[in-house]
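Thanks for coming. I have one model to go through today, and I will keep it short.

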Amino acid sequence: MIDAPGDYLGRRRVSHRPAPLVLIAVLIVAVVAGLALVVALPDPAPRDPTWRGENPVIPVLSLEPPPTPSAAPPSASPSVSASPSRSRTSPSVKRTPSPSRPPALVFEAEAGGRSGRMTIRSVPGASGGRVVTGIGDGRALVFPAVTVPAKGEYRLTIAYASDSPSRCYIGLGRRWTQLTFPSSGGANKVATIFMTVRFDQGRNTVEAGNTPGRWCPDLDRITVTPADHPSSATS
């Protein structure tokens with residue numbers, strides 16, 4: 001039997017736990033890899049700081065053809081009320097006054113809500129000298145405050161510029177209608193197209209956009225006027 005010193009505690013076992021420095025190194029590598037992944041991700045599409053809403057996305061819907069505008073009715077002749085021939089005075093003529101119509105509402109495209117690749121370019125013949133280009137590719141230009149005095153049918157006139165025929169979707173609420181825009185005669189020449197729409201009283205939203213990979217013509221403005229048949233505006 002071998003005598004051992006009093007402070008001997010036996011043979012020290014070799015620990016198999018990783019050294020603290022190895023754990024710290026692994027954590028540093030993981031953090032650096034995470035930061036590199038965040039930097040590599042693409043930045044979201046820039047948005048106009050004046051627009052605070054969500055980016056509208058064109059849904060895949062079954063679309064309806066644009067309604068065919070009906071011809072305006074012939075203007076009625078003024079009613080004539082003749083007095084009996086008891087006097088030598090000429091018969092009195094009563095003209096029915098035409099009802100006053102609200103003024104046209106004009107909304108400039110550059111004031112709408114833009115997102116994605118939409119930008120403004122100068123066109124001398126446009127309203128305000130500017131149009132919005134780059135509309136489409138899955139996103140829509142939004143007119144969020146089209147306010148009308150009464151519920152009913154209205155004429156929506158769209159001013160645009162395009163050097164070739166193109167199609168565009170016009171959204172009213174959750175309903176989308178596809179319109180075909182003929183060439184306006186050049187990228188810097190403005191033409192108009194119109195459709196009959198139905199608005200609720202007060203504030204309405206109008207959108208113009210296209211599906212991914214497809215584009216609308218450059219838009220100048222939209223104009224809202226009462227429809228030709230006021231009686232059809234009631235519901």
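Let me begin with a question: what is the handedness of the link between Cys-168 and Cys-216? The link is right-handed, with 80° about the S-S bond.

Before going on, the ground rules. This is a predicted model, in which local features need pLDDT of at least 70 and side-chain atom pairs count only at pLDDT 80 or more, whereas totals for chains, interfaces and linings use all residues. Residues are numbered from 1 along each chain as its sequence is written, and side-chain values use heavy atoms, with hydrogens and water left out. Helices (H or I, at least four residues) and strands (E, at least two) are DSSP runs, numbered from the N terminus.

Back to the cysteines. Their sulfur atoms are 2.1 Å apart, and a disulfide here is a pair of cysteine sulfur atoms within 2.5 Å. Searching the whole structure gives one disulfide. Cys-168 is buried at 1% relative accessibility, and Cys-216 is buried too, at 8%. Buried means under 20% relative accessible area, exposed over 50%, and partly exposed in between, with a 1.4 Å probe and protein chains only.

Next, strand β5, residues 152–162. Eight of its 11 residues are buried. Strand pairing requires that DSSP finds at least two bridges between the two strands. β5 pairs with β8 (residues 186–199) in the antiparallel sense over 11 bridges, and there Ile-158 has Ile-193 as its bridge partner. β5 also pairs with β10, again antiparallel, over eight bridges. Leu-156 stands opposite Val-224 of β10.

That brings us to Thr-223, which lies in β10, residues 218–226. What does Thr-223 touch, leaving aside neighbours within four places in sequence? Counting contact as heavy atoms within 4.5 Å, Thr-223 meets Ala-104, Leu-105, Val-106, Arg-155, Leu-156 and Thr-157. Thr-223 is buried, with a relative accessible area of 15%.

Last, helix α1, residues 20–40, where Ile-24 is placed. Is Ile-24 buried or partly exposed? Ile-24 is partly exposed, because its relative accessible area is 47%.

That is all I have; questions are welcome.
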